[in-house]
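Let's take a walk through this structure together. Please have the sequence and the 3D view ready.

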Amino acid sequence: MTTSTRAQTPVLAAILLALSATSGLAVATSETEKRPLELTDIMQFREIEQRATSENGAWLAFAAVPDFGDSQGQVVNTLSGERFYVERGDRPQLSRDGRFVAFRQQAPLLQREQAAHDDADDELKKEAKRTHMVVVDTESGEQTTIENIERFSFTGDGLNLVMLQAAEDNDKKNGQQLVIRALDSGTERTLTRVTAFTTAEQGPRVAVVRLPEPAQESDDDADQDAAEKIEQLLVINTRNGSQLTLQEGADIKLQGLAFNHQGTSLAYLQGPSESDNPDPAQQLWLWQYGQQQASLVDTQRAGYVLSEHASPSWSEDDSRLFIGFREAQDTPASALGMPQSHDDLYNLERLTSDRRLQVWHGDDERIVTHQRETHSARHRATTPAVVWLDERRVVHLGADIEDSWRQSEHPDAQLISSSNAHLREISWNGFYHDIDHVNLHTGERQNVVSRVRSSERGALSPDGRYVAYLSDEQYYMFDATSGESTAVASDIEVSWVDEQNDRPMEASAYGVAGWLDDNSGFLAYDRYDIWKITIDGEATQLTDGGRDAQKQFRVRALDDALGLPADGQLLVHSYSDSEKYHGFWSLDLSNGEFTTLVEDKKRYQFVEYLAEQERVIFTEEDFRQFPDLLSAPLDFSERTRLTDVNPQVADFSWGDPELIDWQTDDGDTLQGIVIKPDNYDPSRTYPVMVYYYEQFSQRMYHFNQMKVNHRPNFPFYVGQDYVVFLPDIRFRLGAPGPSATESLVPGVNKLIEMGIADPDAIGLHGHSWSGYMSAFVVTETDMFAAVVSGAPVSNMTSAYTGIRWQSGLARQFQYETGQSRLGPSMYENLDPYIKNSPVFFADQINTPMLIQFGDADGAVPWEQGIEYYLALRRLDKDVAMLHYEDEPHHLQQYANKVDYSIKMLEFFDHYLKGEPAPDWWSEGMPYQAYD
């Protein structure tokens, strides 16, 4: 079914209409009408997601997605700001010129919630699962709804829309119906029994895999079954209606369809439709415009098979095709049949054939849980090869599926890394890898550097000859011509690695901005400034004064080019490390001019550069201002506001942040953010909710993410007449717990001295790492009236030899080299593992403790919460643990998020405001048996 409507075009009217229809929130008319946020208000704030832009940059589309509610599709003109709105729209796609925009449209959330209820009938459940498509004509504003569409795509010329209709009852055995609609005339072409399709990025072509129609004159089931085993591949030219059958055969499976970027060639894989082999061999076929049939590309490789798990991938210039291989697998042995005799009953091979055993061997490269969690990915991993299309020549780039690489547009070389030599030490040392340079023409591999942190990726020059990389805090240049590396910029007295590193591991690099497009050198960062390092090893500082001003400068590349313009202008983002504001600057590499474009007490983020429009899309935000999208020319001389996603922010009391400093007892200066209510009264003191992690002062000009989750929502608490404090923590190696106390206590004392905090009404909240710190801090101070500790480690001696169940990794590396910052293993020095474990000092706690855990936590074993709960219970301390069933490290089920948010506030209200204790705290709750 198709329906059309004409959208309202005046922007203000459309905004008001959209708000009234989707959120029910009124627009405030004066400051006196502002009210505190409620949880249900938070749920209706929206995020900008799934952003897409037309190729000419004229139109931008996205989904405005609430935390809980119906999304709204929006389309906006990047020059004029004209907008259109689509009810319940998401997953936008735009035609090439932006004339048409298509959105998926789900059933209303209310209907989906009703369908999830036990009383819902089958028809309601079916309707709630249906998805439609809405097409917006940006010239007229007309919206057309096409029902029951599962997937859609524009043709590369933007003249047709290809739509796959949803199968009835999700039965896709006989394929689905595909409709190709001409957007100008509305005429349609229909194909039945379609199993897959893809559209070319440019041009009019569509590739379709379908099952042929069974013989009409036969009602025989055998004929039907035979037709179902045949697949055919069609290429359709939607401009002239022509159609080619490239492939047709029985018992085959056609997949991995990939047009080149020009839309003139199609690559695809053909394999058996059914196979007992876990990775059946594929064939690579290639069709080119002008040919009547596809041709087979010879990809034979001894001991390997072309894998279905790596779809063909074209280079941007369409000269190369990347494919993936796996080692050939033996077909698994057939399972033993049923016992046929009395002797068979006692056959040991048969009796043990159904065992479920894992052997944990000390020499395993990966521990069994890590093997389990990576099993699927490793059984889909491939080793890459490149097909040079002009010669139909295959060059293999490796032989190991453990190789890691990221396809780039470098025409002659790529970088490939391997962690094989360092897998076993992941458990205690973390991740290392070796980096190789590989020649795309010959497959020759040269080692660039061995055993560097996996965060060090290396930077390949545009011509593929040089690799810039950092090792042992020094930059090196690898030359593929000579096969040798040379230290560069070695006489510069700056640090290329994190000067503030406080973990017992190598400091990470500040990073490389990119190579220059003339291959003369690359741009690298120190803590604040940008440097040019040439292939001759010379270093020149390009930004002056960053360190003196404590201002960090970082390049924002405008496109995906292999190199930055050696004689052009660069867009540079600035961030004040001391005052936390942001900006954009221009750096002209032709003459060295470095000028401010915009800088304010805001946070600015680069989003996208629209080349044809010569405009930048960016966001501007602060604590009260949502980061809506804006556009401006490269000189930022004027700006156009493109979105207004959350106008209702003006309806609520929100609070104002203030950056404060304080000194620790040993003289270090720390910073934090104090958020005061709108009607802050300096003549009184306030209850304070302290929330933190490691560094939080950088959020001074961040708009608080409006979601109901494990974190306290800052404007929400401020609206409840709390002051919110977000302090930074400074860590000492071997003493993460005491470090938290040493940072927090003087910070809170500063609030008391300023007359802000009621010293008897200060609450502490942390989750995960800060959940641990919160659990520890109250063993050393009674400053806090109440503490919420989410997913904390309580016993480092047991956590050290535990497992991160989500990844399957051993937890030891976290303590020896990672966030827990202890350094030596527990067997080299047991003392810090005990001294930093709050469970061993639970008798010193006098602060009411609320613990939260999900019993499916994949980061921190939830038994850590049980250990702490049992210790505090044994000592008759005030404690409760909120145990959410089947929940991971961060709550996912919305009911649990809301429940935790409510209980968190009730807990703090009781201890910080004197409100009555909630029943669940004062009396507990008996075991609940849930379905």
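We will look at aromatic rings, then at charges over rings, and finally at a sheet.

This is a predicted model, in which local features need pLDDT of at least 70 and side-chain atom pairs count only at pLDDT 80 or more, while totals for chains, interfaces and linings use all residues. Residues are numbered from 1 along each chain as its sequence is written, and side-chain values use heavy atoms, leaving out hydrogens and water.

Rings of Phe, Tyr and Trp (its six-membered ring) pair if their centres lie within 6.5 Å; planes under 30 degrees apart count as stacked, over 60 as edge-to-face and the rest as tilted. The count comes to 41 aromatic pairs. In one of them, F584 and Y604 have ring centres 6.0 Å apart and planes at 50 degrees, so this pair is tilted. Both F584, with a relative accessible area of 0%, and Y604, with 1%, are buried (under 20% relative accessible area, 1.4 Å probe, protein chains only). Elsewhere, F716, Y717, Y722, F907, F908, Y911, W920 and W921 make up one aromatic cluster.

Charges meet rings too. A charge sits over a ring if NZ of Lys or CZ of Arg is within 6 Å of the ring centre and within 35 degrees of the ring normal. R151 lies over the face of F197, 3.9 Å from the ring centre, and the charged end of R451 is over the ring of Y432, at 3.8 Å from its centre.

Now to the sheet. Strands are DSSP runs (E, at least two residues), numbered from the N terminus, and two of them pair if DSSP finds at least two bridges between them. Four strands, in the order 34-35-36-37, form an open sheet with antiparallel pairing. Strands 34 (512-515) and 37 (539-541) stand at the edges with a single partner strand each, so one side of each has no neighbour in the sheet. Strand 36 (residues 530-534) is joined to strand 37 by three bridges.

Technical notes: Buried means under 20% relative accessible area, exposed over 50%, partly exposed in between (1.4 Å probe, protein chains only).
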